[in-house]
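Here are some friendly notes for you to read beside the model. Please keep the structure open as you go through them.

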Amino acid sequence: MSTTAKVLIGVGVGVLVLVLIGIFAVSRLLDQVDELVDSGAIDDFVAAEETDLQVGDCFLADSPSVAVPCGDAHSHEVFAVDRWTESDERPSVFDAFLFDCDGQFESYVGIDYYQSDFFYDVLPPTQAAWDAGDRNVRCALYEPGETLIGSARGLAR
């Protein structure tokens with residue numbers, strides 16, 4: 001067998017292996033999607049602006065536009081949603097920290113924020129959401145370096 005034939009066979013086998021790996025990866029991804037959809041309070045992935053998230057919704061930090069069931073792996077959980085009344089202008093993230101997330105944390109988690117293992121992010125409305133009339137600011141808890149499974153509501157930690 002010539003060297004050219006051997007090279008072509010090697011390239012063909014390599015391409016076949018890459019195609020099989022791709023099929024396997026897509027299959028695993030679809031299985032994970034099915035698991036997320038079937039296992040929690042959210043019946044399906046919820047594609048929306050992050051400002052559409054409501055109290056009790058969970059999401060991944062790298063995809064705040066997709067709510068996932070809290071029973072599955074997630075990074076953040078919304079514990080408060082309230083209307084921005086400080087001004088008529090859309091708040092920046094810095095401005096949104098004026099919103100009283102600390103005061104609402106204990107009623108959701110069951111322990112004072114400063115005694116808790118959790119931290120929180122403040123999500124002001126995006127510009128598009130603000131322009132569409134959304135004036136709500138969201139508070140979303142997370143545990144640094146940890147993946148959450150299950151709701152933090154009432155955990156008191």
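The points below cover aromatic pairs, strand pairing and disulfides.

1. A word on the basis. This is a predicted model, in which local features need pLDDT of at least 70 and side-chain atom pairs count only at pLDDT 80 or more, while totals for chains, interfaces and linings use all residues. Residues are numbered from 1 along each chain as its sequence is written, and side-chain values use heavy atoms, with hydrogens and water left out.

2. Eight aromatic pairs turn up in a search of the whole structure. Rings of Phe, Tyr and Trp (its six-membered ring) pair if their centres lie within 6.5 Å; planes under 30 degrees apart are stacked, over 60 edge-to-face, and the rest tilted. The ring centres of Phe-79 and Tyr-108 are 6.3 Å apart with planes at 40 degrees, so this pair is tilted. It links distant parts of the chain, with Phe-79 in strand S4 (residues 76-83) and Tyr-108 in helix H3 (residues 101-109), 29 residues apart. Helices (H or I, at least four residues) and strands (E, at least two) are DSSP runs numbered from the N terminus.

3. Phe-79 also meets Tyr-120: their centres are 5.9 Å apart and their planes at 75 degrees, so the pair is edge-to-face. Here S4 is linked to strand S5 (residues 119-123), which holds Tyr-120, 41 residues from Phe-79. Phe-79 has 3% relative accessibility and counts as buried, as does Tyr-120 at 12%. The cut-offs are under 20% relative accessible area for buried, over 50% for exposed and in between for partly exposed (1.4 Å probe, protein chains only).

4. Do look at strand S6 (residues 136-142), where five of the seven residues are buried. S6 runs antiparallel to S4, joined by six bridges, and pairs with S5 in the antiparallel sense over five bridges. Two strands pair if DSSP finds at least two bridges between them. Arg-138 in S6 stands opposite Val-81 and is also the bridge partner of Leu-123.

5. The disulfide count is two, taking cysteine sulfur atoms within 2.5 Å as a pair. Cys-58 is joined to Cys-70 with S to S 1.8 Å, and this link is right-handed, with 95 degrees about the S-S bond. Cys-101 and Cys-139 form a disulfide with sulfur atoms 1.8 Å apart; its S-S torsion is about -75 degrees, so it is left-handed.
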